[in-house]
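Hi everyone, thanks for making time.

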Amino acid sequence: MSDQRGLHSGQFMGDDGGAHAMVSSSVIAEVPAARAAAERYGREVRFDFLDDKAVHGMLFHRWEDNRKWRGRGCLAGVLLAVFGFGAWPFWDLVASQKPRPFQIAFIVLDVLIVFGLIIGLYLWRRPSLKDPSLRNVRIRARRYREIAVIARRGGADIPAAYPYYGMYASSRRFFPDAPELPGPEEEQPA
């Protein structure tokens, strides 16, 4: 179950796992360039970036999506580091002293393991990357971050790391026909 279910309205979870207060849309709207960007991006992705309730729901889904993959990505990263970067010390300390057939077998096996991990990670993550509803959440979160940066540069009192998460690589295309995810208050506990 999500850690953010017990949060008050106007709070959301950041990638750091901490609860953060949302910046009110009125703060963003005070900066003309940010307001214009919110309206332009809002038309692009069919979302009202100046509606606090809608933004809260989007941040909820963005964190839930990220939470599902954080542990899996960490595991994959450790395995890739062990078999990718860990191959060099093993080669230097052990394999370089062994006969040529062992060295060739080591290289082939290590390359197969690394490519297998990369392909496995892609196949594991593919359903999430192909889900148009989740991709819409990601592009909206990406656009919201851009709007917050514009507002901060325009003089709005917005924390430097707000909204406390990074960009999404899979957030380049909006799917207008994708169903909307239910709001946080509409979801049933599992």
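**A quick tour, starting with charge**

Let me begin with charges: the protein has 26 positive and 21 negative ones, and their mean positions lie 8 Å apart. Here Lys and Arg count as positive, Asp and Glu as negative, with His and the chain ends not counted; each charge is placed at NZ of Lys, CZ of Arg, CG of Asp or CD of Glu.

A word on where this comes from. This is a predicted model, where local features need pLDDT of at least 70, side-chain atom pairs count only at pLDDT 80 or more, and totals for chains, interfaces and linings use all residues. Residues are numbered from 1 along each chain as its sequence is written, and side-chain values use heavy atoms, leaving out hydrogens and water.

Okay, the overall layout. You're looking at two strands and six helices, and along the sequence they run β-β-α-α-α-α-α-α. Those are DSSP runs, numbered from the N terminus: H or I of at least four residues for helices, E of at least two for strands.

How does the radius of gyration look? The protein has 22 Å, while a compact globule of 190 residues would be near 16 Å. That's taken over C-alpha atoms, and the globule rule is 2.2 Å times the number of residues to the power 0.38. The C-alpha atoms fill a box of roughly 70 × 40 × 30 Å along the principal axes.

Now inside. Buried residues are 39% of the 190, where buried means under 20% relative accessible area, with a 1.4 Å probe and protein chains only. The largest nonpolar core has 29 residues, and I28, F49, L59, Y144, I147 and Y162 have the most contacts inside it. By nonpolar core I mean buried Ala, Val, Leu, Ile, Met, Phe, Trp, Tyr and Cys residues joined through side-chain atoms within 4.5 Å. Helices α1 (25-29), α2 (32-45), α3 (52-85) and α6 (132-153) each give at least two residues to this core, and α6 has the largest share, with six.

Take L59: leaving aside neighbours within four places in sequence, L59 is in contact with F12, M22, Y144, Y162, P163 and Y165. Contact means heavy atoms within 4.5 Å.

Last one: is R143 buried or exposed? R143 sits in helix α6, and it counts as buried because its relative accessibility is 14%. Again leaving aside neighbours within four places, R143 is in contact with Y41, E44 and F49.

Key: Buried means under 20% relative accessible area, exposed over 50%, partly exposed in between (1.4 Å probe, protein chains only).
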